[in-house]
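Trainee: Hi! Could you walk me through this structure? I'd like to talk about charged pairs and then the ligand.

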Amino acid sequence: MGFLSIEGLTASYGGKTDVLSGVTLSVPRGAVVGLIGPSGSGKSTVLRTLVGLLKPRAGKVTVGGQAVDYGDRASLRAARDRFAIVFQQYNLFQNMTALRNVTVAPTLVKKRPAEEVEAEGRALLARVGLASKVDSYPDELSGGQQQRVAIARALALKPEILLLDEVTAALDPELVGEVLDTIRSLQSDGMTMLIVSHEMAFIREVASTVVFMDQGRVVEVGPPSQILDAPKSDRLRDFTARILRH
Ligand code: ADP
Ligand code: MG
């Protein structure tokens, strides 16, 4: 069983149709799993369900062997502390410096000592290559820099598993590389990550396992070479043909 284990996860947005139908996947500690699939296949919903933004209708999630009970507030809070999620839209607080964006939740929500959190925040910004930007406001930063602040902000909560939802999709092409470099360095530090991305070359490079989803289901799982180069199902073959063509 993986460090993160998802079994039969089923969820809907209130309507009759399930947007996730029995999603099962396993992420070993320190592994990077790439989640790919067409738009609307349920990739974001998997991540949102894991962090409790959407309550699953059925299924079992365990982290480090501990089951998460999404109906129980204490269990949900404990699970939320183990995940952090970064979205395509970085949504930094515009009226706060990069450092303040990183430190605000640990100090105000977690009530941790300001000095300690600030030292950690500076170290985290250095880790994402932004040591010189601690006092900059979001509107003084490029999109790639803002996304790296958002990653540092997520890391400030000391997650065990980092969920990345198309974090480079809103960036100009020349800014994608610096964000991918940051993710690479997290991987070499042993961060467990579940990454939704359309950057297939990057997924091929960093992911140990690739999960292909379609219509709320996991259709194929395997190493990148198998999933991207030797798809078994027609749906995956169509998808890779479309995405690798451009
Ligand atoms: P992906 O990230 O793979 O593009 P999503 O997880 O965002 O897919 O969406 C899966 C399905 O759930 C889609 O059919 C989408 O229209 C639907 N969906 C997503 N968000 C909502 C929402 N807030 N309310 C209702 N339906 C939603
Ligand atoms: Mg999505």
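**Salt bridges and a ligand**

Trainee: What relative accessible area does R127 have?
Mentor: R127 has a relative accessible area of 34%, which makes it partly exposed. Buried means under 20%, exposed means over 50%, and partly exposed is in between, using a 1.4 Å probe and the protein chains only. Bear in mind that this is a predicted model: local features need pLDDT of at least 70, side-chain atom pairs count only at pLDDT 80 or more, and totals for chains, interfaces and linings use all residues. Residues are numbered from 1 along each chain as written, chains are lettered from A and ligands numbered from 1 in the order written, and side-chain values use heavy atoms, leaving out hydrogens and water.

Trainee: Got it. Which residue forms a salt bridge with R127?
Mentor: That's D189, with the closest N and O atoms 3.0 Å apart. R127 sits in helix α4 (residues 114-127) and D189 in the loop between α6 (173-188) and β8 (192-196), so the bridge ties together parts 62 residues apart in sequence. Helices (H or I, at least four residues) and strands (E, at least two) are DSSP runs, numbered from the N terminus. A salt bridge here is a side-chain nitrogen of Lys or Arg within 4 Å of a carboxyl oxygen of Asp or Glu.

Trainee: And D189, buried or exposed?
Mentor: Exposed, at 52% relative accessibility.

Trainee: How many salt bridges are there by this rule?
Mentor: The count comes to 14. Another one pairs R204 with D229 at 2.9 Å, N to O. R204 is in helix α7 (residues 200-206) and D229 in helix α8 (residues 224-229), 25 residues apart.

Trainee: What about D214 and R235?
Mentor: They form a salt bridge too, with N and O atoms 3.2 Å apart at the closest. D214 lies in strand β9 (residues 209-214) and R235 in helix α9 (residues 234-245), so parts 21 residues apart are tied together. D214 is buried at 10%, while R235 is partly exposed at 37%. Elsewhere, R112, E116, E120 and K158 are joined into one network by salt bridges that share partners.

Trainee: Changing topic: which residues surround ligand 1?
Mentor: Among them are Y13, V19, P38, K43 and T45, where being near means having a heavy atom within 4 Å.

Trainee: Where do its oxygen atoms come close to the protein?
Mentor: One oxygen atom of ligand 1 is 2.7 Å from a polar backbone atom of G40. There is also an oxygen atom 2.8 Å from an N or O atom in the side chain of S44.

Notes: Polar contact = N/O pair within 3.5 Å; in protein donor to acceptor, adjacent residues only side chain to side chain.
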